[in-house]
Amino acid sequence: MKLFSIVFPGLLLLAAGCGANYVRGDEVADLDEMAMSTGLDKKDLEKLYDANIESLMASAVVASWKALPEPPIVSIFPIANETSEHIRDSLDALNSKMETQMVNGGVVTMIDHSMQDQLIAEVRKQQGGDFDQSKSADIGRQLGAKFFITGKVHSSAETVDGEKRVQYFLFMKVVDIESGAIRWQNEANLTKGLIR
Amino acid sequence: MNAARPILFSVLLLAAASAIGCAGYAGQVQDMRTALFQADREKALKEVNGALDLGDGDQYPLKVKSEDTLLLLERASVKHAMNDFRGSSLDYRIADRHLELLDVKRDPVGKIAEWIFSGDAGIYRAPSHEKLMLSTGNMLNYLAMGNLESARVEARRLDLAQQIFADEDEGTPALLGVGDYLSGFAFEMSGRYEQALQQYLDALKDTDYPHLKAVIRDIAPCTSYRTPEIDALLADVAPVTGAATTDGATTADDAVTEPLRCIHPDRETGTLLVVSSVGLAPHKQAVRLPIGAAIVIAGAFLAPDELARANDFAVRGLLKWVNFTELAPAASIYGGVDVAVDGVAAPVELGQDMAAVVQRSWDDVKGKMLAAAIVRMIARAAAGAGTNAAVEAATGESIFGLLAQVVVEGTMTVADTPDTRCWNTLPKTIYITRMEVPAGTHRVNVRWKGARDGGIDTEVNVNAGGFVVLPIHSMR
């Protein structure tokens, strides 16, 4: 009875909750390792980037570029998002990573983004708000590019009993603007999930 | 008396703790609702930010608690109505990540009884229509911003949610006509006609859209995709109506002759889609149901021993009423909407009767939820009767026992605040107006029916081959 008279009222006390805090990446070990959503984070981008850049740099088309007296002019276009996840920013970051690698490696001469974005915006306007990838060749040609790099990512998402799995399939390609031929293509896959 | 003292002390402490009282979610958002009905959206935004414990509409809770998910949905609706489509879309996306879904059909009554009453520990579980409207609302945000890629992402999310709900409900389709309509529109404007047709057909399964049938007929030649429904529509439907010409002489009944984009990319018209709404959908309010009435409604969902116990407690006067929720009627001061483009009346069709959707969704789960509430109340009544017996035995006085029983029951009943959580700012009725208009600037006039001077006048600029989506919501 005595215990009851002490414990029971105590149970009615509200426990002080632990609040959430902001942290820096170097303050918490493995902060970048944790998956916090079914979207694409830095670790996912690095995985997708590594899979694609490795394949591209080892491809015949890049070998032919390296053999040219001058690096070819290349456009890189937004990767189309055909998934059920809002990953536009992540896809743009992936594109930027590839562009940085190729420019700094002296492999290509990349078209300035401001000129390219202006033309893309014009195409979007004409097409009522969407960028049709089939126009990439026309735009690239207008910019003086010989090749363009583009891609598309699809997903397969499933949910069962509150658990979710999203499988991403990223396809990237290099297209010869003059001939329309695909000179390189690669598929990279990734799975994210929410498990309980 | 010594033995009774700790029992009475604990009972009184419980009473004190519960005396703080809790108005529930309905009380939390009442000021927001009032502000909306006073057409003061800034105040409504301020109220919902206050409920989120935030000073700014662009801030987010550091840790999204259960009610915060729902409050973010409310804020998303208010921002959307204020044309802050980007802010609204961010709120929707964060809410979507934290939304738990209601699964009354598979949960046993006992499990439902654990979470049926609100409290800090109770996770909000959203009914399917709220999940579907989340994707629909966000799709509308992206369409209003002209962002077709993100609109298609939401269309896929909507489709995914519908598949999940259908699978959980033994194949019964989870339809939301207005969501499928907007999905179809997003795919159509993206030039993906097969997917557009699939979505439009799904929309027609839920709601009759006379003008949509004409749209289907017009875009069907853009793809080889065919179904018996499309074949029937192609054989049956009248041409698209509602085209305005540059001199404004056309009436709403004249047929458009401008060829569609898929056949003639150089067409000189664009598509205008006005999505308007009036009022607010039904919301939950706390009620006390007499036990007799409650047993009649929920008896079929109670196990035989639970039913027997409920009846026994009712007869003995130990269980008199049940704390529960009911839907307050949908509220609107307007009876509908009239739309005019360049001074010419435009066709308005029903997009979705959200009041009916919310009511149907509640009616589907009400019986089982009420059964769970009765189970919970039986436990309370048993605890009260047990306390009575214990105190009476300890004190030798029946009056103390009775007093303790009343306090325990009353306190625990107060603590069992019915869960009035639901998305309060869903619209009551949604309307759709779709027109092909010449490229250029157009005056759009939306008037609320029944109002002396309520309405919106605005101008839109439609590009050749392009589109403009104009959301306009009265929220009262």
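Predicted model: local features only at pLDDT ≥ 70, side-chain atom pairs only at ≥ 80, totals over all residues.
Guide: Chain B has 476 residues, of which 54% are buried, and its secondary structure consists of 17 helices and 12 strands.

Visitor: What makes B:Ala203 count as buried?

Guide: The relative accessibility of B:Ala203 is 0%, and a residue is called buried under 20%. B:Ala203 therefore counts as buried. This residue belongs to helix H11 of chain B, residues 193-206.

Visitor: With which residues is B:Ala203 in contact, leaving aside its neighbours within four places in sequence?

Guide: They are B:Gly177, B:Asp180, B:Tyr181, B:Tyr209 and B:Leu212. As for B:Glu47, it is 156 residues away from B:Ala203 in sequence, with 35 Å between their C-alpha atoms.

Visitor: Why is B:Ser135 called buried?

Guide: Its relative accessible area is 0%, and the term applies under 20%, so B:Ser135 is buried. B:Ser135 is part of helix H8 of chain B. Beyond four places in sequence, B:Ser135 is in contact with B:Glu154, B:Arg157 and B:Leu158. Between B:Ser135 and B:Ala220 there are 26 Å, C-alpha to C-alpha, and 85 residues in sequence.

Visitor: How is the packing of helix H8 and helix H5 of chain B described?

Guide: Two packed helices are described by the angle between their axes and by the distance between those axes. For H5 (residues 66-81) and H8 (residues 128-144) of chain B, the angle is about 35 degrees and the axes are 11 Å apart. The crossing of H5(B) and H8(B) is left-handed.

Visitor: Which residues meet where H5(B) and H8(B) are in contact?

Guide: From H5(B) come B:Leu70, B:Leu73 and B:His80; from H8(B) come B:Glu130, B:Leu134, B:Gly137, B:Leu140 and B:Asn141. Sorted by class, this contact has four nonpolar residues, three polar and one charged.

Visitor: What is the phi of B:Asn83?

Guide: It is near 65 degrees, a positive value in a residue other than glycine. Most residues other than glycine have a negative phi. B:Asn83 sits in the loop between H5 and helix H6 (85-98) of chain B.

Visitor: Why is B:Asn83 called partly exposed?

Guide: The limits are 20% for buried and 50% for exposed. The relative accessibility of B:Asn83 is 49%, so this residue counts as partly exposed.

Visitor: Does B:Met475 count as buried or exposed, and what is the value that decides?

Guide: B:Met475 counts as buried, because its relative accessibility is 4%, and buried means under 20%. Its phi is near 55 degrees, a positive value in a residue other than glycine. B:Met475 lies in the segment after strand S12 (467-473) of chain B.

Visitor: How much of the accessible surface of chain B belongs to carbon and sulfur atoms?

Guide: Of about 19700 Å², 52% belongs to these atoms.

Terms used: Residues numbered from 1 in each chain as written. Chains lettered and ligands numbered in written order. Heavy atoms only, no water. Helix = DSSP H or I, 4+ residues; strand = E, 2+ residues; numbered from the N terminus. Buried < 20%, exposed > 50% of the residue type's maximum accessible area, 1.4 Å probe, protein only. Contact = heavy atoms within 4.5 Å. Axes fitted to C-alpha atoms, helices over the stretch in contact; angles between N-to-C directions. Left-handed = near helix turned anticlockwise from the far one by under 90°. Nonpolar A, V, L, I, M, F, W, Y, C, P; charged D, E, K, R; others polar. Areas by Shrake-Rupley, 256 points an atom, 1.4 Å probe, with all protein chains shown as cover.
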